Amino acid sequence: MNVKVTIDGKLYEVPSHYTALDACKAANIDIPTLCFLKELNETAACRMCVVEVEGARSLQASCVLKVRDGMKIKTNTKRVQDSRATTLELLLANHNKECLNCDRNGKCELQDLAERFHLKEIYFDSFEKRTPFIDDSSFSIVRDQSKCILCGRCVSACEKIAGMSVLAYTNRGFEANVGTGFNVELDDAGCISCGQCINVCPVGALQEKSHVEQVWDAISDPKKHVVIQTAPAVRAAIGEEFGLPIGTSCTGKMIAAIRRLGVDKVFDTNFAADLTILEEGHELLDRLQNGGKLPLLTSCSPGWIRLIEQYYPELLPNLSSCKSPHQMFGAIIKSYYAEKTKIDPKDIYVVSVMPCTAKKFEMNREELSHNGLKDVDAVLTTRELGRMLKEKGIRFNELPDEDFDHPLGEYTGAGVIFGATGGVMEAALRTVADILTGEDLKDFEYHAVRGFEGIKEAELEIAGNKISIAIAHGGGNARKLMDIIKSGKKEYHFVEIMGCEGGCINGGGQPYVNSHIRNEGIDYKKLRAQVLYNEDKSKEFRKSHHNKEVKQLYDEFLEKPNSHKAHELLHTSYKAREIFPIK
Amino acid sequence: MQYYRAHVLICGGTGCTSGKSLEIKAELEKQLVTYGIENEVKVVMTGCFGLCEAGPIMVVYPEGTFYAHVQVKDVKKIVEEHLFKGRIVKEKLYYEALDEDKVISVNEVEFYAKQKRIALSNCGVIDPENIDEYLAKDGYQALIKVLTDMKPREVIEEIKKSGLRGRGGAGFPTGLKWEFASNYEDDMKYVCCNADEGDPGAFMDRSILEGTPHSVIEAMTIAGYATGSKKGYIYIRAEYPIAVKRLEIAIKQAKDYGLLGNNILDTKFSFDIEIRLGAGAFVCGEETALIESIEGKRGMPRTKPPFPAEKGIWGKPTLINNVETFANIPAIILKGGEWFGSIGTEKSKGTKVFALGGKIKNTGLVEIPMGTTLREVIYGIGGGIPDNKKFKAVQTGGPSGGCLTAEHLDTPIDYDNLVSIGSMMGSGGMIVMDEDTCMVDIARFFLDFTCEESCGKCTPCREGTKRLKEILDKIVAGNGTIEDLDRLENLAGYIKDNALCNLGQTAPNPVISTLKFFRDEYMAHVVDKKCPTSVCKDLLQYTITDKCIGCGSCAKVCPQGCIEPLGKEINSKTKRRQYVIDQNKCIKCGACLEACPPKVKAIIRK
C-alpha cells in the first residue's frame with residue numbers, strides 16, 4: 001500500500017512501511033545519519049537525521065518515523081539545518097579529534113559528516129571532555145573511550161548479533177559511557193572477541209589490537225623466514241580496501257600483493273581447511289560409528305570457542321578437538337615444512353591474515369603451541385593487511401594474478417567455502433558422504449546448509465544413515481542453538497557454529513562496510529560469500545580428500561587422519577573459562 | 001464495636017516520621033495506659049497531613065485540635081491536660097489554630113479551609129494500613145459500582161466526561177488514554193502506575209501512597225476493567241520505603257477481602273498488581289524509560305510512536321497513569337464525571353496537588369481547584385514569604401519547569417495557562433524564591449540536576465545540557481560575555497527542539513524562562529560582573545571600610561588567613577590599626593562579615 005507524503009513542498013507516493021528517511025531517499029534527499037543501522041540500531045539517539053514534520057512540536061528523527069498519509073516533511077529549513085549542525089558540533093566537541101593518527105582516518109563516518117557540514121568553529125572544543133580511557137586488556141579488541149560518540153551501535157551489535165551484551169551503557173548524563181559490567185576489563189567481561197562491535201563502530205573507538213608493527217619487524221629481520229597464510233574470506237573482501245566493489249574476487253592479486261611485502265612464502269589456509277575436514281570428518285565418523293558424544297560441534301571459529309568455554313562449558317565434550325585451520329597450518333609449517341626445507345622452526349615466523357579478531361586471542365592460547373613454539377606468531381586482520389599494502393605503496397588493483405607457493409598451497413573448493421556460514425558443514429559432508437558410500441559422489445552441493453538464516457537445520461540420508469545437522473552463525477544464534485541442544489528438544493549429529501553472523505566473510509577483521517551501504521539494504525555478506533562459492537565452482541577438485549598435497553602430507557608425515565602425530569599437532573583441548581573472575 | 005470518646009491522629013508520613021512520630025505514638029499509647037484511658041482514646045497513625053512545616057502533627061478529634069511541632073516530651077502533658085482533664089494545651093497548638101483565646105479546628109485553619117481535597121481526601125484522616133477505615137470512607141464502592149453496574153466503555157466515557165488530565169506532567173486527557181489502551185487488542189495488556197516521583201521537592205505521589213494506598217489500588221483495578229487488562233504494575237522508587245510497605249500491606253488486604261486477585265467480588269474479572277522498585281533515576285519517570293526499567297533494562301526512553309498504549313511493557317498495550325491521576329478515579333466514578341468537571345477551568349478540570357517549597361511559610365502539600373491563582377496559593381494557603389522578604393519568582397513544574405515572576409501571580413493555574421507563560425504544570429512542584437535568590441544561579445542549579453539525571457542516550461540532552469551548564473558556570477564565575485547569552489538562548493532552543501524525550505526537551509526551560517524574565521540579572525553578571533543578589537561568590541568582593549576598629553575578629557576567623565593589619569597605619573577616625581583583605585586569597589566565605597562586631601559593621605559585601 002502506498003501513502004502520499006509531501007517532502008519540501010513536493011508530493012511523493014511511497015510505500016506505507018517506509019520511514020521518513022526512506023521517503024526522503026526516494027525523493028533523492030540524502031539525510032545525514034550517524035547512529036542509525038537498519039534493523040540493528042534503530043534508537044534515534046544521535047538526532048543527526050531530524051526533520052520538521054507539520055503538526056509535531058519538536059523535530060523528529062526521520063530514521064524511525066513511519067510515514068503517514070498526508071504527512072508533510074521539511075528537510076531544508078534553517079531550523080533543521082542548524083539543529084543538525086549543532087548536534088554534530090556537540091559530538092565533535094566531545095570527541096578526540098586526533099584524526100591523522102587514527103586507524104579510522106579516511107574511513108570515519110563522523111569525519112564524513114564533518115566534511116559534509118564544514119563547520120566553521122567548534123565552540124565547545126575547549127570545554128570539558130568525558131574522561132578518556134583506553135582498555136587494551138583484550139588480545140583482540142582495543143576500546144578508546146575518548147573517541148566514542150555513544151551512538152550505541154556496538155551495544156546493539158553486542159546484544160543482537162553477538163548475543164552477549166558485554167558492552168552496554170554505563171553511568172549517566174555527560175559521564176555516560178559504553179563499557180562493561182562493573183567496568184571490568186573487556187577480557188574479563190565475557191567478551192568472545194568476535195569484533196562485530198568494531199565492524200559497526202562509525203569512528204575509531206573500537207579497533208583490533210594491531211600486529212602490524214611486529215610483522216614489519218619480522219619481515220625486515222633477515223634471520224626470520226616469514227610465512228603468510230590467508231584465510232578464505234580475506235580474498236573475498238580485501239579488494240574493498242582498494243575501492244573495488246563488494247564481492248570482487250581478489251585471490252590472485254592478494255597473493256601478488258602479499259608477496260611484494262617481502263615475505264618468504266604465501267600459503268593458503270584453505271590447505272589446512274582441507275586438512276581440518278579430514279581430521280574432523282574422521283572424528284565425526286568415529287563418534288557416529290563408535291557411540292561418541294553427539295552432536296559433534298565444529299571448532300574452527302575461535303569466537304565460538306570462547307563462547308562455549310565461557311557460557312556452555314558443559315558442552316565442551318561435544319566440541320571437536322581439531323585446532324582451527326590456521327593453527328593446524330602453523331603447526332604443520334613449524335614441523336613438516338621446517339623439516340622439508342631444513343629451516344629451524346625457531347626461525348620461522350608464521351603470520352595468519354584472517355577476517356577475524358578472535359584469532360588474535362586464539363594464537364595466544366597456551367595449548368596452541370608445540371615444543372615451546374607458538375603455532376602462529378601474528379594475526380593480521382584483512383583491514384591490517386590493507387593498511388600494510390597501502391603503506392608499502394602497492395598498486396593492488398594493477399597487480400597480475402599470482403598463485404600460492406607449494407607445497408602447502410593447494411586447496412580444493414571445499415576449503416574455500418569455509419569462509420561462509422554452512423561452508424564447513426558442506427565441506428565435511430562432501431567428504432563424509434564419499435567415505436560412507438565408498439563412492440565419488442557427483443551430487444555434492446548441499447544447498448540446504450547455505451544462506452543466511454540464523455539457524456539452519458537439515459536431515460540427510462547418506463548411505464542409509466540418517467544424519468541430522470544444524471548450523472548457527474553469530475553468537476546470538478549460537479546461544480539459541482545451544483539452548484535447544486541443552487534442553488534436549490532436538491537431537492543432532494553434527495553442528496557447525498561460526499562466531500560471526502554470516503561466517504568469516506563478515507568477521508570482525510573484515511573491511512568496514514559503512515552505514516550508508518548497510519542501510520541501502522546491500523547484502524554485502526551474500527556478495528562476499530558468492531566469491532567463495534564461485535571459486536569453489538571453478539576448482540578442479542572440490543572435495544577435501546582430493547587435495548593431493550594434503551594426501552602427500554599424510555603419506556610423508558602424519559600417516560592417517562587422527563593418528564598419534566596428527567593428534568599431537570592438529571588437535572587441542574579446551575577448558576571452562578570464568579566470566580567476571582574475582583582477581 | 002468499641003466506641004471512643006476521642007481519636008488522636010498522628011501523622012505517619014515520611015516527613016513527620018523522620019520527626020519521630022513513631023516514638024510520639026508509642027509514648028502516647030504508654031501515657032494513655034498510665035492515665036488509664038487507653039480504652040477511651042483511640043490512637044491512629046495516618047498518612048500525611050500536608051502541612052509539613054508544622055510537623056510532627058497531632059490532631060485530636062472530635063473537636064479537631066491541631067497540635068504542631070509535637071515532640072515526645074510534649075506527649076505526657078497533652079495526655080494529662082487535654083485527654084485526661086479536657087484542657088487544650090494551647091502552647092502546642094499550630095499558630096493559626098489559636099485566634100486570641102479561641103481554638104480553631106484544623107479544618108478551619110486557612111491552610112486547609114482554602115483547599116479542596118479529592119486525591120488527598122483520605123490523607124491525614126484514615127489509617128492507611130487498615131482497609132476497614134478505607135472501606136468506611138466509601139472505599140472500593142467505585143470498584144463495586146463499576147464491576148456490577150457499568151460496562152468498560154461506560155467507565156471510559158465517565159472518565160472522559162470528567163475532563164481529568166494526567167497529573168504526572170504532560171496533562172494528556174486520561175479518558176482518551178484509557179480509550180486508546182482499550183482499543184488495542186492483544187492477549188495481554190497492562191495497567192501501570194507511575195510512582196517514580198522524581199522532581200526535587202515534589203512528594204504528592206509519595207503522600208498519596210502513604211496516606212491512601214487503597215485509592216490507587218482501587219483505581220488501577222477499575223482501569224484494568226475498563227481497558228481489558230489483568231495485570232498491573234506499580235513502579236515506585238526504592239527511596240519510598242514507607243509507601244512501599246503500605247502498598248504491600250494494602251495489596252495483601254485487598255486480596256484477602258476479594259477486592260484484588262482472581263474473580264474480584266465473585267465476578268469474572270481478575271486483576272493482580274505487582275510492585276516494581278526503581279533505583280531512583282529521574283528519567284525513569286518518563287513512561288517509556290519506566291517501561292524499559294520494568295522489563296529489567298537500563299532506564300532509557302524509547303522513541304514514540306509507538307506509544308505505550310500500543311506497545312508498552314513487553315511490547316503489549318499498556319496504560320500508564322500517574323499516582324495522583326489514579327487517586328482521582330474513585331471519586332469520579334462515585335460522584336460522576338460531571339461533578340468532577342464542574343471543578344476547575346474550561347480545559348483543566350478538578351483539583352491539583354502542589355508541593356510548596358522554597359521561601360514560603362507553609363511548606364507542604366496543598367490540593368486546590370484548578371484555576372486558583374498563584375497569588376492565592378502562595379500568599380493565601382502558603383502564608384506568604386518568611387521574614388517579610390519580597391517575592392521574586394516561582395518555579396512550577398519541577399526542574400524542567402520555568403520561573404515565573406510577580407506579573408504572573410494573578411494567573412489562574414491550569415495546564416494551558418502555565419505553558420502559555422513559559423512554564424508547565426509538571427507534577428506540581430512549586431518553589432518560591434524571594435529577593436535574595438539569584439536567577440542565574442537558580443537556572444544553573446536546576447540544570448545541574450537535569451545534567452546529572454540525563455540518561456545519556458541522545459546528543460542534545462547528554463552533550464547540550466552540559467554545555468548549557470558550562471556557559472552558566474562561566475557567567476557566574478564572571479567570565480561570561482554578551483555572546484554567551486545568545487549562545488545560551490540558541491543552545492537551549494536547540495535542546496528543546498531536538499532531544500529525544502520530554503526530560504531532555506524540557507531541561508532547558510529554567511534557562512529559557514529566566515533569560516526571558518530576568519535578562520537584566522544575566523546582563524549584570526555579564527556586563528557589570530556583579531551578582532545583584534550577592535549569591536554568586538566569584539562576583540563578590542568583601543572589603544573592610546574605614547569603620548574598622550582594628551579588633552582583629554575577622555582575621556581570627558578567616559580560614560584563608562588573608563586578613564591582616566594594613567601596615568602600621570593608624571586609622572585617623574578610630575585611632576586603631578585598619579585591617580585589609582587580600583583579595584587574591586579570599587574565598588568569599590563570608591566568615592569575616594559574620595565576625596565583625598554588629599556595632600562596627602566595617603565589612604561590606606558587594
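**View 1. Chain B as a whole, with 24 helices and 19 strands.** Helices (H or I, at least four residues) and strands (E, at least two) are DSSP runs numbered from the N terminus. Chain B has a radius of gyration of 27 Å, close to the 25 Å that the globule rule gives for 606 residues, so it is as compact as a globular protein of that length. That radius is taken over C-alpha atoms, and the rule is 2.2 Å times the number of residues to the power 0.38. Of the 606 residues in chain B, 55% are buried, meaning that 20 or more other C-beta atoms, placed from the backbone, lie within 10 Å of a residue's own.

This is a predicted model: local features need pLDDT of at least 70, side-chain atom pairs count only at pLDDT 80 or more, and totals for chains, interfaces and linings use all residues. Residues are numbered from 1 along each chain as its sequence is written, while chains are lettered from A and ligands numbered from 1 in the order in which they are written.

**View 2. Where chain B touches chain A.** Chain B brings 24 residues to the contact and chain A brings 26 residues; two residues are in contact if their C-beta atoms, placed from the backbone, lie within 7 Å. On the chain B side, helix 18 (459–476) is one of the elements giving two or more residues, and helix 18 of chain B gives the most, with eight residues.

**View 3. Helix 16 of chain A, residues 475–487.** Buried here are Gly475(A), Gly476(A), Asn477(A), Ala478(A), Leu481(A), Met482(A) and Ile485(A). Their cover includes helix 4 (153–161) and strand 19 (465–473) of chain A. Just past helix 16 of chain A, Gly488(A) takes a positive phi of about 75°.

Conventions. The expected span of a helix is 1.5 Å times one less than its number of residues. A residue is buried if 20 or more other C-beta atoms lie within 10 Å of its own, exposed if 12 or fewer, and partly exposed in between; C-beta atoms are placed from the backbone.
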